Each structure stands twice: as structure tokens, then as C-alpha cells.
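Colleague: I have the chain open in the viewer, so please talk me through the fold in your own order.

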Amino acid sequence: MDLELRHLKTVRAIAEAGSLTRAATALGLAQPALSAQLKRIERALGGALFVRGRDGVRATALGDLVLDRARVVLPAVCELQEEAVRFARDGAAGHRLGGTHGPLLGGLVDRLARAAPDDRVTTYTSWSEREIAQGVVAGRLDFALVGVCGESSPPEAGRLAWTEVARDPVYVMLATGHPLAPRPHVSLAELADADWTDVPGDGCFGDCFAAACVRSGFTPARVYETDTASCVHLVQVGRAVGLCRATFPATPGIVTRPLAGAPLLWRHLLGWHPEGRAAGRAAAVLGHARDAHAEALARSAGRPPTGTGPETGPETGPGTVLRTGPGTGPGPTRAAP
């Protein structure tokens, strides 16, 4: 006989009642039936669990061992069952979001939480767009928020449904004391002698950036690949320049300028499984993502956020386009800008 959870519950009930008669009453069984069941449990476990006496029963050493394990196993299984029921009930109404690093994900979480405070929202972040997309394919995530360079295809394009949330020109980050900082826009060729800083990523933006530099007549002399905070620091102290989204928030010591001619573009995408549990909510989530982007653009430009849809960019000049999607924060040369 294999040991089952109901057997552990029986052993616990006998120990708590202190006698087979009282335990049988608590379990709704006849006392002989409970005695027979206990004998089967003891045979399965290899020895007696209780010593019967005039005043009832007491656990043997083996019984104490089994009871100690039961006190751990039974609450854990109960918790698992409750969590599964809660997930089945609330999970369908909630949102499991995955995204690459950047404030877009935070803005979307904020809007979803405001729209439906009782819905559960969970997040997962990674530098890897492919990892996020694979999480949606596997059913671990409901939506993916990623970016791709220009017209590049998103990851898992044949298995997920993707919609463009926004299309932004790529800006350059400069220290406030940089000679080009006063300019309304900057050409890539004017940065031929600069050192650059970037964050890791598995998309094609690094290749797109390198190709744009070659078209402008140079190859970057040095690229510091590091985390986002360090990228910002290297720009602030004038050690390097970096690339960012048009929605990059105002940051002390840094100015952002559009690249003349918009040699690089960034598309923000929302992806989901067309047969997944969240497919019916995609339109609503897409709307919230676009509103989050509009709010980020307004903050970047120093305007009060409206949260009501498309906004024009913070600056005019070459490369400025209408934006209708999310994304803030630095994303220099390899990951989402």
C-alpha cells in the first residue's frame, strides 16, 4: 500500500484525539474501521505508530517521526491547494507581464493597477528579448514588452501575435558640458571620436548601430558595456556618450538630443500568444501601454502627463516622429534604447 495524504491525516487525528474511539468519532468512522485502517498504515510504514493503553494511545518513536513529517507536509499541501485555487480564480483576471529593463513596464503596471485594483499583476524582467518571448510561448507569461531595431522581426514571430506600440527615433545622451550639448540635434558623424557606453542585450541593435556608424564614416573606438546606472554615470562624467529612447527622463548632468536624419529607430512591441488565456485582453493592455508611453513622453519633455494617447516628441528637427507607445530609460547600443 502506498502512503497517501489521507493516511497522514488519520495518524494526526488519532494523535490529537488521544484515543481510537474519539478519533473515529471526529473522522466519522466506526472504531473497528479506524483500527483496521491504522493497521494497514502501520504495515506500510514498517512498525507500530501508537501504543494502546488503558487511558488511550500514545505515539511510539516511529509515530513521533511520522507526526513530525505530517506537521510539515499537510500544511504545505493545504497551502499549495489554496494557492492553486486562488490562481485558477484570480490568475485569469490578472496579468503576468514580462519585459526588458526600462520604465515602460513600470508605467504599464501602474496603469493596470489603477484600472483594476483587485486584479493581480506580476512582472518578470530580463535583458533578453528572446527569453521574455519564450516565457509567453511556454505559458509562464501573458504579455511580452520588448523592443526591436527598425523593421527587424520580433522574437518568436511565428508563434506569438505582435503589435507595434510605438516607433521612436533614437536620441543621444551627452554630458551637459559636452561641446555639442547646446545643439538642437546632433549628427552621428559629429561623434566619430567619442567613446560609447551600452547595456547588454540579444537583439540586433548593436549591429544596427555599428552599420549606422559605418555609413557615417567611422567605427566606434571604444564601447563600455555595463549596467544602466553605470552607463548614466559614464555619460554624466563625460567619459562616454550613449543612446537612449526619446522618452529618457530628465536626469541631472545629462541632455538628450535627436540624431539628425534619424539613422536609428526603435519599435516598442507588445506580444501575446494568440491562443493564450490573455488573448482577449490584448486590446486593453495595448491601450494602457500606449497611454503609458504618452505619459513618459510628456514627463521627458517637461509637460504635465495626460495619459490620453499619442503625444508628439519633446523636440522638433530631423528625426522627430509621432509616438504612440511606451518606453523610458536608457538603452544604449545593444539593448532596447
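Modeller: I would start with the contacts (heavy atoms within 4.5 Å): among those in the chain between residues at least 6 apart in sequence, 72% join residues at least 24 apart.

Colleague: What should I keep in mind about where the numbers come from?

Modeller: This is a predicted model, in which local features need pLDDT of at least 70 and side-chain atom pairs count only at pLDDT 80 or more, while totals for chains, interfaces and linings use all residues. Residues are numbered from 1 along each chain as its sequence is written, and side-chain values use heavy atoms, with hydrogens and water left out.

Colleague: OK, how many helices and strands are there?

Modeller: The chain has nine helices and 14 strands, where helices (H or I, at least four residues) and strands (E, at least two) are DSSP runs numbered from the N terminus. Of its 337 residues, 46% count as buried, meaning under 20% relative accessible area with a 1.4 Å probe and protein chains only, whereas exposed means over 50% and partly exposed lies in between.

Colleague: On to the sheets, then. What is the strand order in the five-stranded one?

Modeller: The order is S4-S3-S5-S12-S6, in an open sheet with mixed pairing, and two strands are taken to pair if DSSP finds at least two bridges between them. Strand S4 (121-125) and strand S6 (161-169) are the edges, each pairing on one side only. On average, neighbouring strands in this sheet are turned by 20° against each other, direction ignored; axes here are lines fitted to C-alpha atoms, for helices over the stretch in contact, with angles from 0 to 180 degrees between N-to-C directions.

Colleague: Which pairs are parallel or antiparallel, strand by strand?

Modeller: Strand S3 (residues 95-99) pairs with S4 in the parallel sense over five bridges, and His95 has Val121 in S4 as its bridge partner. S3 and S5 also run parallel, joined by three bridges, with Gly99 opposite Leu145 in S5. S5 and S12, by contrast, run antiparallel with six bridges between them, and there Val148 stands opposite Arg267 in S12.

Colleague: Is S5 mostly covered or mostly open?

Modeller: S5 is mostly covered, with seven of its seven residues buried. Phe143, Leu145, Gly147 and Cys149 point one way, while Ala144, Val146 and Val148 point the other. In a regular strand the side chains alternate between the two faces of the sheet.

Colleague: Which helices lie across that sheet?

Modeller: Helix H6 (residues 129-137) lies across S3, S4, strand S5 (143-149), S6 and strand S12 (265-272), and runs at about 145° to S5. Helix H9 (residues 282-300) lies across S3, S5, S6 and S12, at about 10° to S6.

Colleague: Why do you call H9 largely enclosed?

Modeller: Because 14 of the 19 residues of H9 are buried, it is largely enclosed by the rest of the structure. From its first C-alpha to its last H9 reaches 27 Å, close to the 27 Å expected at 1.5 Å a residue, the expected span being 1.5 Å times one less than the number of residues. Just after H9, Gly302 takes a positive phi of about 80°.

Colleague: What does Leu270 touch?

Modeller: Leu270 is found in strand S12 and, at 0% relative accessibility, counts as buried. Not counting residues up to four places away in sequence, its contacts include Phe143, Leu145, Trp162, Val165, Ala282 and Leu286. The C-alpha atoms of Leu270 and Ala282, twelve residues apart along the chain, are separated by 8.6 Å.

Colleague: New topic: which residues have the most contacts inside the largest nonpolar core?

Modeller: They are Val172, Trp196 and Leu243, in a core of 22 residues. A nonpolar core here is a set of buried Ala, Val, Leu, Ile, Met, Phe, Trp, Tyr and Cys residues joined through side-chain atoms within 4.5 Å. Strand S7 (171-175) and helix H7 (205-215) each supply at least two of its residues, and H7 gives the largest share, four residues.
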